[in-house]
Amino acid sequence: MACWKLKFRWQILAAILVSLVALPAFGQTDPADKPTSQGVFGELCQSAQAKMVKVFGAGAGRVDGFATGIIVSDDGKILTTQGVFLDGREVRVVTSDGVSHSATILKRNRVSQLSLLRIERGTPDYFQLSSEPVGQQGDFVVALTNAFKVADHEEPLSATAGIISLRSTIEAWINKRDLAFGGELVLIDAITSNPGAAGGAVVTADGKLVGMVGRIISSSDTNTRLNYAVPSSTLLKFINGELKEKEQKKVAQSAGNAELGIVLFKLGGRSDPAYVDRVRRGSPAKLAGLKPDDMIVSLGETKTATVKAYQDALESLSPGEEIFVIVKRGREVLRIAITPGEKAE
Amino acid sequence: MIRFHWTTILLIGIGLLADAAAALPQQDEATRELDPIETMMLTSKAMRLATEKVRPSLVTIEAYGGVASVQGKIGGIRKQGEGNTTGIIITPDGFIITSTFNFVQKPPIITVVTSDGVRRTASLMGRDDIRKICLLKIDDVKGLPIPEFVGSENATVGQWAVSVGVGYGDTTPAISMGIISAKNRIGGRAIQTDANISPANYGGPLVNLEGQVLGICVPMNPQSQAVGAGVEWYDSGIGFAIPVSLNAPFIERLKNPDFKAAPPFIGIRMRKVPEHEGLWVEEVVPESPADLAGIRREDVIKEIAGEVVGDVMALRSALNRHECGDEIEVKVWFEETGETELVKLVLVSPPRPKGEGPVLEPPKIK
């Protein structure tokens with residue numbers, strides 16, 4: 001299925017290229033003095049290729065042993081995704097001239113799924129990383145990736161065009177067993193959720209790096225694959241050593257010792273709505289005026305569609321920090337302030 | 001198909017940019033130098049403005065309990081997510097249109113967050129399983145903003161189209177750009193687009209660059225009427241949206257909470273045989289419309305509702321234009337008498353297999 005996703009996007013790119021070629025005719029300028037005979041993306045794709053590499057490493061079962069990489073310095077530093085392909089005996093990097101280099105792994109981050117490699121050679125062409133957001137919703141972008149290992153040796157990477165769909169921190173998972181993926185993402189509508197595309201570059205029409213295509217992840221909300229880039233600012237933090245796995249994890253798993261004094265109905269399973277069965281005497285919930293049969297719609301910023309979601313949301317609260325709880329009472333929806341207490345041991 | 005797609009995009013792409021050129025500030029057209037990057041940025045800006053225009057009418061639909069209790073797969077997706085879904089306000093007093101995909105299971109509680117951030121409980125109204133749309137109602141509201149809708153007659157194949165939806169869980173909608181790929185798809189009810197259409201925007205609008213709603217994004221597959229059919233094509237470049245006009249009878253009837261539009265069922269298994277023109281009847285379901293009309297095994301179906309049915313595909317497309325409850329004329333050659341006659345029959349909804357829930361899995365594509 002994923003294969004023909006790619007195909008359709010190609011056509012759009014081609015269409016844009018060709019329409020841009022046709023532009024001077026409408027503007028009635030002399031085509032000869034326009035350097036953009038290949039259109040915006042045409043030049044962009046060419047100039048960006050020199051800043052990109054193909055990465056090859058160990059494959060394991062159905063896990064792919066290849067990825068894409070972005071050159072980020074003049075001394076051979078290469079950003080790519082994190083994965084088992086880095087765990088083999090050797091990681092090889094093929095630069096745009098088709099030369100294969102042995103790469104060393106400088107660092108890896110398992111929370112943001114990033115790694116930094118280095119090859120022993122000067123790399124005069126590289127992408128500047130920006131600490132500011134690059135590109136806004138609706139801006140045209142091109143993703144350059146080696147999805148499906150289509151490009152061999154010195155062959156240029158595949159380009160797909162799209163727009164920025166949304167900048168957001170949304171919930172996602174890598175696969176059923178892995179931890180949820182954290183941090184801000186730049187969602188795009190060019191299809192990049194294909195094997196080998198991770199580590200690819202997402203570039204604006206004027207050649208700036210929006211971010212790096214990340215590993216294949218799925219949205220927790222829709223269970224569909226996400227097409228996205230890890231923003232340039234996150235990449236910069238990673239390179240500068242400002243992303244600490246431990247701290248990132250700490251943010252992901254907060255306190256967990258908050259208590260509201262609510263006992264939920266436990267009729268069916270954990271996918272039932274979170275209905276209040278009892279409110280403990282003297283508890284924060286009692287003080288806030290919650291009542292039996294209220295349905296908890298959200299805790300803080302988290303929607304609590306099910307008993308399970310409520311329990312997860314409760315885990316993330318901190319004692320003493322006031323939050324709003326939204327409850328449904330009859331046909332009314334109420335917003336109630338509540339300050340969680342500390343869980344009694 | 002691909003070839004067709006290509007040329008269309010090329011021609012229209014050129015046309016669109018010419019339009020963009022015309023829309024630029026008044027300058028001497030002969031001397032105006034069009035910078036390609038500037039042109040693209042203007043298009044991006046237009047997409048943002050279009051999204052902004054429709055945003056006040058967008059709602060986030062939240063369902064509580066039992067939504068994700070459907071196990072297994074729907075289409076290509078592991079199972080329906082627990083996430084929020086998108087809807088569009090269609091009347092100032094609180095009718096909201098969305099996709100039936102968001103309500104495969106009937107959740108006990110539904111709340112709706114309007115663009116002003118207010119959350120209200122909503123009730124499920126009528127349901128159209130052919131167009132995969134349904135209505136919700138929120139009470140005690142008035143003066144809600146409704147978007148502008150344009151009919152498919154005002155949509156042009158090749159024009160820009162932007163799909164908008166809040167399904168990823170952020171209050172800001174995600175957008176995807178594409179063009180209208182075709183009109184009059186799936187029994188003439190849907191328009192096709194190559195903008196990404198997925199659970200992230202099912203129920204949300206497909207808008208043009210003026211922010212007018214071209215259609216409601218839905219999962220669809222011409223080969224199947226199953227609830228989840230079409231999800232397997234999510235984000236593929238093959239997406240569908242149902243054009244809506246607010247006073248259309250098919251919208252009006254959904255305001256009745258008990259209304260249900262189901263795909264039509266005729267009750268014949270038939271196939272093409274070399275001896276006959278038309279479709280040879282292999283089996284007739286007892287008590288089905290065909291049975292009641294006196295159609296028997298070995299009869300031959302020639303026409304359905306005026307359309308010649310040379311093969312099963314033609315029959316399906318002819319039937320697709322109707323829904324359960326419609327009375328249609330069928331031209332049949334009766335084996336017993338050797339005569340060709342027109343018979344009338346009333347289409348019903350397909351019978352549910354006993355002891356089984358709704359069929360979620362679309363048939364495998366051969």
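Modeller: In helix H3 (residues 232-239) of chain A, the buried residues are A:Ser232, A:Thr234, A:Leu235 and A:Phe238. A residue is buried if 20 or more other C-beta atoms, placed from the backbone, lie within 10 Å of its own, exposed if 12 or fewer, and partly exposed in between. Helices (H or I, at least four residues) and strands (E, at least two) are DSSP runs numbered from the N terminus. This is a predicted model, in which local features need pLDDT of at least 70 and side-chain atom pairs pLDDT 80 or more, while totals for chains, interfaces and linings use all residues. Residues are numbered from 1 along each chain as its sequence is written, and chains are lettered from A in the order in which they are written.

Biologist: Within what arc do the buried residues of H3(A) fall?

Modeller: The arc is that of the directions from the helix axis to the C-beta atoms. The buried residues of H3(A) line one face of the helix, because seen down its axis they fall within an arc of 160°.

Biologist: Which residue just after H3(A) takes a positive phi?

Modeller: The phi there is about 75°. The residue just after H3(A) with this positive phi is A:Gly241.

Biologist: Why does A:Val327 count as buried?

Modeller: A:Val327 has its place in strand E21 (residues 323-329) of chain A. A:Val327 counts as buried because of its C-beta neighbours inside 10 Å, which number 26.

Biologist: What separates the C-alpha atoms of A:Val327 and A:Leu299?

Modeller: Along the chain, A:Val327 and A:Leu299 are 28 residues apart. Their C-alpha atoms are separated by 9.0 Å.
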